[in-house]
Amino acid sequence: MGRQEHHDDQSPLPSPSDNSNPSVDSSNGTGPRNGDAHSTEPTANMGPQAPGSASTDSSAPVPSSLDVIPRFFVKKPKPGPLQEAVQVAARAAFYEREKDLLLTNEDLDMLWDSLCERGTDGPDEERKLTYTDFLAIKKKLPEKFHRYFRANTFLRFVPDNYGRISVLQFFNYVLRKVSLMQARLDISVYDGDHDGYLTEDEMQEYISDLIPSLKLGSVSRSFHKFYICTAVRKFIFFLDPLRRGRISIQSILLSPILTELFELREPELPKDFEQSNWFSSYSTLRIYGQFLNLDVDHNGMLSRKELAKFNNSTLTDVYLDRLFQEYQTYNSELDYKGYLDFVLATENFSTPEAIAYSFKLLDVKNQGYLDDFTIRLLFKAVIEKMVAFGHEAVGVDDVTNEVFDMANPATPNKITLNDLLKCGVGGTIVNILTDCRGFWTYDNRENIDPGSK
């Protein structure tokens, strides 16, 4: 998604036909031929020989570059039909065996009854379990439960003064473990090359098959492709920030993003949750509706002028100009995926991924840090927006000094991305330097009622 880099056409290495080496006479045909490992002519002038070193035998063969440079990449051989069939059958058998070991709802009810029967009396949140009780329950339950009753599992929990653990905490742990194992099996089916990663296309296929189980009452079938694109984009933005084109299955399982998606499986989702959940029908329709409203010429893309209307035109011109300079565009226009990245960075401005996204735009000189000149340039653009909205101008010097104090850079007068991530207020700094509303909110933070935000 980054901007295209332009490289010089000239290579820094001489081509095989370059005869500029004075030590090689190619005019009479005595110079070494390209790839001739046994030529007696020197291939380069290596300078005077060190005193005391052994003389070099001119007749010794010069090793090939393949013998000197180690191979760091070996292309995976394509399996034959028989090998591929065996792998498919083995994976299918593995998935079936793992699914058989998963605890069903009936199994979880049996587990809860056993824990309550063996644990201490009292309300559910006060029931306790000793290690002796722990082993006794393991012995009573079928073998498929035994993987959850190991000693290291018991030690995961903080015991009370009598060495007992909470029954409710242990049960919730098993419940979470079963949910993750089920999700792992479900997601692994879409891992086409079985490398533990999902590509964007594989993630889209997974979300597409998941839609029937989600509570998306107001989403029509014709909108599914936009819903899938919107949903997958959040995984890519947060779990593939370097845009390598793949996301590890482990990071998906451990991410709160998957938990947020699975919230839509609940039969009753509170209205405030539905409005704040990125994957809900309310949120996806809102984001897509905003995109359509900004797309004045209805070409499915956003120009610089169209995007300037975002968020009531509070973003600075410098920030928007940098967006179209640094991130991928098509004929200088932003597509829906690029717009989703922009929205995710704007709505989650305090997250490390959003700060990294915006830092690339703030670094107007592409030097890897923000200096005094850059901070002043960025904030002058904020002042221009504030004056356009009827607010009084603010002193640039005061805000510049305050920004450096907030960032507390390791190197004086040079704010790096690492400084913004470490200072704890990196998102606030980004907001101050890019959005006149963000600066106004920060400047009036003491007069704003927290409940009214």
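Trainee: How many salt bridges does a search of the whole structure find?
Mentor: It finds 19, where a salt bridge is a side-chain nitrogen of Lys or Arg within 4 Å of a carboxyl oxygen of Asp or Glu. Keep in mind that this is a predicted model, where local features need pLDDT of at least 70 and side-chain atom pairs count only at pLDDT 80 or more, while totals for chains, interfaces and linings use all residues. Residues are numbered from 1 along each chain as its sequence is written, and side-chain values use heavy atoms, with hydrogens and water left out.

Trainee: Which residue forms a salt bridge with Arg233?
Mentor: Glu200 does, with the closest N and O atoms 3.7 Å apart. Arg233 is in helix H8 and Glu200 in helix H7, 33 residues apart. Helices here are DSSP runs (H or I, at least four residues), numbered from the N terminus.

Trainee: Is Arg233 buried or exposed?
Mentor: Buried, with a relative accessible area of 3%. Buried means under 20% relative accessible area, exposed over 50%, and partly exposed in between, using a 1.4 Å probe and protein chains only. Glu200 is partly exposed, at 24%.

Trainee: What does Lys337 meet in a salt bridge?
Mentor: Glu200 again, at 2.9 Å from N to O. Lys337 belongs to helix H15, and that pair is 137 residues apart in the chain. Shared partners join Glu200, Arg233, Arg243, Lys337 and Asp341 into one salt-bridge network.

Trainee: Switching to the inside: how many residues are in the largest nonpolar core?
Mentor: It has 84 residues. A nonpolar core is a set of buried Ala, Val, Leu, Ile, Met, Phe, Trp, Tyr and Cys residues joined through side-chain atoms within 4.5 Å. Those with the most contacts inside the core include Tyr227, Phe235, Leu258 and Leu261.

Trainee: Which helix gives the most to this core?
Mentor: Helix H8, residues 224-239, with nine residues. Apart from that core lies another, of 26 residues, among them Tyr148, Phe149, Ile165 and Tyr173.

Trainee: And what is Leu261 in contact with, leaving aside neighbours within four places in sequence?
Mentor: Ile207, Leu210, Leu214, Tyr227, Phe235 and Phe279. Contact means heavy atoms within 4.5 Å.

Trainee: Lots of rings in those lists. How many aromatic pairs does the structure hold?
Mentor: There are 26. Rings of Phe, Tyr and Trp (its six-membered ring) pair if their centres lie within 6.5 Å; planes under 30 degrees apart count as stacked, over 60 as edge-to-face and the rest as tilted. Phe223 and Tyr288 are edge-to-face, 5.4 Å centre to centre with 65° between the planes. Phe223 lies in the loop between H7 and H8 and Tyr288 in helix H12, so the pair ties together parts 65 residues apart in sequence.

Trainee: What kind of aromatic pair do Tyr288 and Tyr336 form?
Mentor: Edge-to-face, at 5.6 Å centre to centre and 90° between the planes. Both Tyr288 and Tyr336 are buried. They belong to one aromatic cluster whose members include Phe223, Phe226 and Phe291.

Definitions and conventions
Helices (H or I, at least four residues) and strands (E, at least two) are DSSP runs, numbered from the N terminus.
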